[in-house]
Each structure stands twice: as structure tokens, then as C-alpha cells.
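Subject: Structure handover

Hello,

Here is the structure I promised to pass on. Please open it beside this note, as my findings follow below.

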Amino acid sequence: MGSVITVGIITASDKGSKGEREDLSAPVIRELVQSIQGQVIAYDMVADEQRLLEDKMKEYADEKKLDLVFTTGGTGFASRDVTPEATRAVVERLVPGIAEAMRWESLKITPKAMLSRAVAGIRGGTLIINLPGSPKAVRECLETILPALSHGIEILKGEAGECARS
């Protein structure tokens, strides 16, 4: 495997941003990214506000130049769930297979998985992925996508060739 993968976590939570709720999903992300040599070097909890989420994603991608950014929370049907909209506004290229894979595997566990509006995309050299807010769902989704992510990041960084086999 290649070099260390720099990781950022953005938790979208109105209550969490006010200190009224503990973030239980970020520790799961921190634990599981170690399997792909991921090192979390940035973490923020912000209110469910599209502009705040967009600004934080831009900071992580454009200024901090992180390889991988996970958001957690804000992907459901509630009127304040705007993480996918913020992500779509900042990415340059969508990566639909990541969100499709998470929903596909999650559907094997619960029919509610089809209600996820999570998206994934690329901004510059940064891959941004929306994860659910529940720690259990975060673990299930990461276990599905992590095996492929290190290769995708290597390609994004110019450290690996495309996926075709000779």
C-alpha cells in the first residue's frame, strides 16, 4: 500500500455543535480508517447549515489538501439534512458507486437504507464521502467501502495506475 492517507471528519449536527450531543460516529471513523493507513488530522463539528458545511469541505480540500474527507450526519429527510447538497455544491466530479455500494450493502440489513441521500465526489485531489449519522451505520458503510478506497486515493494522488488488470 502507498503512503499515509490524510483524513478529515466533518460531523453535521445542530445539537452537537452546541455541545448538547456527543459525537459517537467520528471515533468509529478514526478507528476504521487505520486499516487503510488513514490518519485523521482534521475534525470539526458544525451545525446543519449548508454554507458552514461547504466552507469546511473547501477548507479541508483546498487549504489542508486532505486526501479523504468523511462527513457524518445530515443525509436523511429532515429539512435540516443538507450535507448532500453541500457536498454536491463543492465537488467537481461525482463518484456515485461509493454511495451506491453503501446503500446496497445497508439494504441487506435494513430497508431504511434506501432513504439515505448520501453522495460522494472529488474536489481537486480530495475524495469527499457522506456517511450516515449513526455509529452502527457508519461502521457498516465503512466496512463496505474501505477496501477499495486506498486504491482510489492512490490513483487520485497519481501513485497508482488505473484499475485494469493485465
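The side chain of Arg-123 reaches the backbone oxygen of Val-90 at 2.7 Å. That is a polar contact: a pair of N or O atoms within 3.5 Å, where within protein one must be able to donate a hydrogen and the other to accept it, and residues adjacent in sequence count only if both atoms are side-chain atoms. Arg-123 and Val-90 are 33 residues apart in sequence, yet 6.8 Å apart in space, C-alpha to C-alpha. Arg-123 sits in strand 5. Helices (H or I, at least four residues) and strands (E, at least two) are DSSP runs, numbered from the N terminus. Arg-123 is buried, with a relative accessible area of 15%. Buried means under 20% relative accessible area, exposed over 50%, and partly exposed in between (1.4 Å probe, protein chains only). Leaving out residues up to four places away in sequence, Arg-123 also touches Lys-58, Ala-61 and Asp-62, among others. Contact here means heavy atoms within 4.5 Å.

A word on the basis. This is a predicted model, where local features need pLDDT of at least 70 and side-chain atom pairs count only at pLDDT 80 or more, while totals for chains, interfaces and linings use all residues. Residues are numbered from 1 along each chain as its sequence is written, and side-chain values use heavy atoms, with hydrogens and water left out.

Two strands pair if DSSP finds at least two bridges between them. Strand 1 (residues 5–12) runs parallel to strand 2, joined by eight bridges. Strand 1 also pairs with strand 3 in the parallel sense, over five bridges. Ile-9 has Tyr-43 as its bridge partner in strand 2 and Phe-70 in strand 3. Seven of the eight residues of strand 1 are buried, so this strand is largely enclosed by the rest of the structure.

Next, helix 4 (residues 83–90). Its buried residues are Thr-83, Pro-84, Ala-86, Thr-87 and Val-90. They fall within an arc of 160 degrees seen down the helix axis, so they line one face of helix 4. The arc is that of the directions from the helix axis to the C-beta atoms. These residues pack against strand 1, helix 3, strand 3, strand 5 and strand 6.

Thr-87 leads on to Asn-130, as their side chains make a polar contact (2.8 Å). Asn-130 belongs to strand 6. Is Asn-130 buried or exposed? Asn-130 is buried, with a relative accessible area of 0%.

Last, the cores. A nonpolar core is a set of buried Ala, Val, Leu, Ile, Met, Phe, Trp, Tyr and Cys residues joined through side-chain atoms within 4.5 Å. The largest has 27 residues, and Leu-68, Phe-70 and Leu-149 are among those with the most contacts inside it. Helix 6 supplies the largest share of this core, seven residues. Leu-149 touches residues including Ile-36, Leu-68, Phe-70 and Ile-129, not counting residues up to four places away in sequence. A second, separate core of 14 residues includes Ala-42, Val-46, Met-57 and Ile-128.

Best wishes
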